[in-house]
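Subject: Structure handover

Hello,

Please find the structure below. My notes on what was found in it follow.

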Amino acid sequence: MLALGDLKSRALRYLLTAVAIGVGVALLVALTAVSDATRAYVEQTLYKVYPADIMMYSDSINIPQRLVDLLQRNPAVSGAEGIIITTGVVNGQVVSIVGIPLRDVDYFAIDLKEGRLPSSGGEAVVEESLAARPGDTITIKVYSSALGGERTITVKVVGVMRSFLRGFIGAFRLNLVVVPLDWLQEELGAGPFVNAVLITLRDKGYVTPFYKTLKETFRDAQVYTQEALLNTVSQVFNALNFVFTVISAAALATAAVTTFAVMSITARERLREFGLLKAVGISSSDIVVSVAVEVALLSVAAGIAGAALGFYGATLVKQILIGMGVNFDVPIEFKLRYIALALSASLAVALAGAASPLYRVAKLRPIEILQLWR
Amino acid sequence: MAVELRRVSKVYGNGAVRTVALEEVSLAVAPGESVVLMGPSGSGKTTLLNIVATLDRPTSGEVYVLGVDVVNMPEKKLEKFRLRNIGYLFQSYNLVPYLTAEQNVALPLIALGVKKELALLKARVLLELVGLEKAAGLYPQQMSSGMQQRAAVARALANNPPILVLDEPTSNLDADNASNLLALIAAVNRIFKTTVFIATHDAEVARIATRLIYMRSGRLYEAAEPPRRELKIELERVAAAYEKLRRIDELIGL
C-alpha cells in the first residue's frame, strides 16, 4: 500500500530512474546478445570451414600425398584430406589460393552464391569479395620460395562463393580462389605434395595422442587442433566481452548513481512521513521493506523494459548496419538468459543505489526525525 | 498505573550548550485519566510527551508505561509496544499524503498483521466514529485541517491503544474545529476509557482535563482542580460506533 502509493505520487521521478536503469540494462543485453550471436556464428562457421579435429600445416608444399593416404588407412582416422593453401595477387589484391581434391569437394561446404563447383582443371570458385562473375578469367601471380620465385596461373571462374563469416570482420575476408588440387599441384610444379592436411578422428579421445605424435614426427610443420582454434576464437571473444562488460558497467554505474541520488532526495523528502510512520508504531523494517519493494518494482520494470529494448535495439542496429552496406548478418536470437541477466543487473543496480538511503532511514529514530521539522 | 515517571530528567547537549528539558520529574497517571500539560514554549511539554509516547528516552530516571519499563527496552521491542499501546497525534502532518483517509486509518492495523479487508472495514467504522464516514476515499490534501485531525484521531485509535498522546492537537484549527476535536477526544476518553495526554498552549483544551499540569523549566506544577467544563460532546455517535468496533475487533481478534 505504502510502496504503490509513493510510486504513484512520484511517478515521473521514478519513471526517469527506471529509464536510467533500463538504458544501462539495455546496453548490457544488447552487447551480450551481439557477442553471443557473433561467437556462435563464428564458431559454427569455423567448424564448417575447418571440419577436422587436427590440421597439419607447412609453409612449404612438402607434405607427401602418400602420408595422407597412410593416414586414411589408420584405424583411428575417419578422414584425411590433403590440400594446398598459398597466396597470390590478382590486380594488386592479395588472394588465398586453395587446392582441394575434387572427389571430396562437398567436405569443404562451400557456400555457393552463384554458378557451380569446379569439375576440371583450370576451373575455380572465387569469393564474392573478388567481384568476379562466372565466365570471367582471372590471372594470378603466385609467389613461393618452394617454386623459386613467381609464377602466373590463369583460372576460369565457374562459381562465386559467399565470404567466410559473411565478411563482417575484415580479417575474415580471405579473397579465396578454390581450384582442383591436382591441377594446382601441376601448375605449381609441386608434384605429389601438399602443405596442409585436415584429419578427422573416429573418437575425440584420439585427438591429444595424435596431435602429440604428429608434432613430434613432423617438427617443421605446424599442428593445430580444432579445440585450440576454437579456444583462440574464445579468447578473442572473451577480450571483446571484457570491453563490452566495461562499457555496460559504466552505464550501470551511472544508473546506480542516479538511483542513489533519486532515493536520497526521496528519503529526505519523506523524512516527515517516515517519522510519522515510526511514531505511529510502524517498524523500521516495515518502512525499509516498503521502500525496498518500490525499488524492486522499479528495477523489475526497468529490467524487463531494458531486456526488450536491448534485444530489439541490437536487432535494429544490425538491420541499420546491413542497410548501410556493412555485412553484419549474424543471427541475433532471444534467450531467457537475457531476462535473467537484465533482472539481476537492474535489481543489483537499484539496490546498490538505494542501499545507503535505506540504511539511513532504518537507522533514524522517530524522535530524531520529528525534531528535524519541529 | 497507566504511566509512571520516577525522577525523570532529560538533558540535551552538554557543556555550554547544555539544556535541561526535564528535571527530576515524577508523575503517576491512572488508567482513564485525561492529563493536560500546559506551559510556555521550551518548558518541556513535548519532551515529556515524547517520553510517555516512548518516542524518546530520558537521560536519567525510570519510566513505566502500563507497568512495563520502557527505558531499557530495545528499539525493536519498543516499536511493537508503541504499535499496540500508544496512539499519537501531532499538531499537523498526521496523514500519509498519498493514502486515502481510510488507508491512513487502516495503516496501524495492517502493520499489526490484520488482513487488509478487515483493517479497511474497521477504518471505515473509525471514520464514522469521528464523523468522517463520507470522507473515507479522500486524500489528505482534499480534506480541511479539522477533518485531517479527526482522521488522525481515528488512526490513533485503530489498534485500541490504552494510551492516547496528543501534541498541540488544536493549534492549527479554528475555534469551531478545535471545539469539535476536543469534544471527540473527551468522548473517546469517557467511552473507550483511554488514558489521554495532551500538551497544549490552548487554555480551551483544559476543559477536557481530569488533571491539569503546568510546566516551567522542566518542572511540573499540578493544578489542584482542573477547570472542567461540559462540552457538547457527541456521546451517542461515539457510543454507537464503539459497539460496532467491538464486534469488528472480535472478528479481527484484537
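**The sheet of chain B**

In this predicted model, B:Val65 has B:Val68 in β5(B) as its bridge partner. B:Tyr64 is likewise bridged, with B:Asp69 in β5(B) as the partner. These two bridges pair strand β4 (residues 60-65) of chain B with β5(B) in the antiparallel sense. Strands pair here if DSSP finds at least two bridges between them. Strands (E, at least two residues) and helices (H or I, at least four) are DSSP runs, numbered from the N terminus.

The hairpin of β4(B) and β5(B) has two residues between the strands, and B:Leu66 there takes a positive phi near 55°.

β4(B) also runs antiparallel to strand β1 (residues 3-12) of chain B, to which five bridges join it. B:Arg6 has its bridge partner, B:Glu62, in β4(B). The whole is an open sheet of four strands in chain B, in the order β2-β1-β4-β5, with antiparallel pairing. Its edge strands, each pairing on one side only, are β2 (19-29) and β5 (68-69) of chain B.

A note on conventions: residues are numbered from 1 along each chain as its sequence is written, while chains are lettered from A and ligands numbered from 1 in the order in which they are written. As the model is predicted, local features need pLDDT of at least 70 and side-chain atom pairs count only at pLDDT 80 or more, whereas totals for chains, interfaces and linings use all residues.

**Helix packing**

In chain A, the axes of helix α6 (residues 226-269) and helix α9 (residues 336-363) come within 8 Å and cross at roughly 30°. Axes are lines fitted to C-alpha atoms, for helices over the stretch in contact, and angles run from 0 to 180 degrees between N-to-C directions. The angle therefore makes α6(A) roughly parallel to α9(A) (under 35 degrees is roughly parallel, over 145 roughly antiparallel, 65 to 115 roughly perpendicular, and the rest oblique). By class, their contact has 14 nonpolar, four polar and one charged residues. Ala, Val, Leu, Ile, Met, Phe, Trp, Tyr, Cys and Pro count as nonpolar, Asp, Glu, Lys and Arg as charged, and the others, Gly among them, as polar. Residues of α6(A) that meet α9(A) include A:Leu252, A:Phe260 and A:Met263, and on the α9(A) side A:Val349, A:Pro357 and A:Arg360 are among them. Two residues are in contact if their C-beta atoms, placed from the backbone, lie within 7 Å.

In chain B, helix α4 (residues 116-129) and helix α5 (residues 145-157) have axes that come within 9 Å and cross at roughly 130°. That angle makes α4(B) oblique to α5(B). B:Leu126, B:Leu127 and B:Leu129 in α4(B) meet B:Ala151, B:Ala154 and B:Leu157 in α5(B). This contact has six nonpolar residues, no polar and no charged ones.

**Where the chains meet**

Between the chains, 18 residues of chain B are in contact with 18 residues of chain A. On the side of chain B that touches chain A, α2 (75-85) and α3 (101-111) of chain B each supply at least two residues. The largest share, five residues, comes from α3(B). That side of chain B divides into 12 nonpolar, three polar and three charged residues.

**Confidence**

The predictor gives the complex an ipTM of 0.74 and a pTM of 0.64.

Regards
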